[in-house]
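Here are my notes for you, written so that you can follow along with the structure open. Take the points one at a time and find each residue as you go.

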Amino acid sequence: MVSVGSADRYLPDTVQQAVKILVVGAFGVGKTTLVGSVSEIEPLRTEEVMTQASVGVDVLAGMSTKTTTTVAMDFGRITLNSRLVLYLFGTPGQRRFWDLWEGLAEGALGVLVIVDTRRLEDSFDVLEQLELRGLPFAVAVNQFPDSERYEADELRDALDLLPETPVMVCDARDHASSVDALISLVEYVSVGSARTPETAS
């Protein structure tokens, strides 16, 4: 993998394709962390400090250390190889911000869904929104220190995913782990888009 340093703001001349990727998930699953861990540029963040106004609106169970929340989007960039660059758009997790998804989803190649197994049920509505929009996606389980570990098939069943939907475990704090999740998504979407009607039937 070729990745330019954070000081290099400009893409190499060899880049031939730029791809837009959404990073979505329920509130507090690690979307901002993942975008920040992989971005080769200083990520754009639209975080605000959480106040008492969020009490009773945002479910904070199990997130006692969370003090900020994304209110518009996170933006980052990663050059996967000499020819391909990904532009990452992280979406807010709270339902009241989901209207922003319409604009952010426009032109996206695919979606990386971040999941926290400690609050798996919070991901159901997120997945439903993606299915309604017809966007191809892969699921990355963010492995928190106190999370139980599950096999991919168990998670696929629990989330009611299609057999071909990629499911992988990652650590959103870790650059290599997060990049691997993005590569899995790009490979999955690329294979799907290359299929002809004859091979899809």
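1. Let's start with a term: a salt bridge is a side-chain nitrogen of Lys or Arg within 4 Å of a carboxyl oxygen of Asp or Glu. Keep in mind that you are looking at a predicted model. With that rule, seven salt bridges turn up in the structure. Some of them join into a network, whose members are Asp-116, Arg-118, Arg-119, Asp-122 and Asp-146.

2. Zoom in on Asp-116, which has two partners worth a look. With Arg-118 it makes a salt bridge of 2.8 Å, N to O. With Arg-119 it makes another, and there the closest N and O atoms are 3.5 Å apart. The general idea is simple enough: side chains of opposite charge can pair when their charged atoms come close.

3. Now, are these residues buried or exposed? Asp-116 counts as buried because its relative accessibility is 0%, and buried means under 20%. Arg-119 is buried too, at 11%. Arg-118 has a relative accessible area of 31%, so it is partly exposed.

4. Arg-118 has something else going on. Besides its salt bridge with Asp-116, Arg-118 sits over the face of Phe-144, 4.1 Å from the ring centre.

5. For another salt bridge, go to Asp-171 and Arg-173, whose side chains meet at 2.9 Å, N to O. Arg-173 is exposed, with a relative accessible area of 58%.

6. What does the side chain of Asp-74 touch through a polar contact? That would be the side chain of Thr-32, at 2.6 Å.

7. In one of them, Phe-75 and Tyr-87 are stacked, with 6.0 Å from centre to centre and 10° between the planes. Phe-75 is in strand E3 and Tyr-87 is in strand E4 (residues 84-90), so this pair ties together parts that lie twelve residues apart in sequence. Phe-75 is buried at 19% relative accessible area, while Tyr-87 is partly exposed at 24%. Check how those two values fall on either side of the 20% limit for buried. Ring pairs also bring in Phe-89, giving a cluster of Phe-75, Tyr-87 and Phe-89.

8. In soluble globular proteins, nonpolar side chains tend to be buried together. Here the largest nonpolar core has 49 residues, and Leu-86, Leu-112, Val-113 and Val-139 have the most contacts inside it. Helix H5 (residues 175-194) gives this core its largest share, six residues.

9. Which residues does Val-139 touch, leaving out those up to four places away in sequence? Look for Val-113, Val-115, Leu-127, Leu-159, Leu-161, Pro-166, Val-167 and Met-168. One of these, Val-113, is itself among the residues with the most contacts inside the core.

How values were computed: Residues are numbered from 1 along each chain as its sequence is written. This is a predicted model: local features need pLDDT of at least 70, side-chain atom pairs count only at pLDDT 80 or more; totals for chains, interfaces and linings use all residues. Side-chain values use heavy atoms; hydrogens and water are left out. Buried means under 20% relative accessible area, exposed over 50%, partly exposed in between (1.4 Å probe, protein chains only). A polar contact is a pair of N or O atoms within 3.5 Å; within protein, one must be able to donate a hydrogen and the other to accept it, and residues adjacent in sequence count only if both atoms are side-chain atoms. A nonpolar core is a set of buried Ala, Val, Leu, Ile, Met, Phe, Trp, Tyr and Cys residues joined through side-chain atoms within 4.5 Å. Helices (H or I, at least four residues) and strands (E, at least two) are DSSP runs, numbered from the N terminus. Contact means heavy atoms within 4.5 Å. Rings of Phe, Tyr and Trp (its six-membered ring) pair if their centres lie within 6.5 Å; planes under 30 degrees apart count as stacked, over 60 as edge-to-face and the rest as tilted. A charge sits over a ring if NZ of Lys or CZ of Arg is within 6 Å of the ring centre and within 35 degrees of the ring normal.
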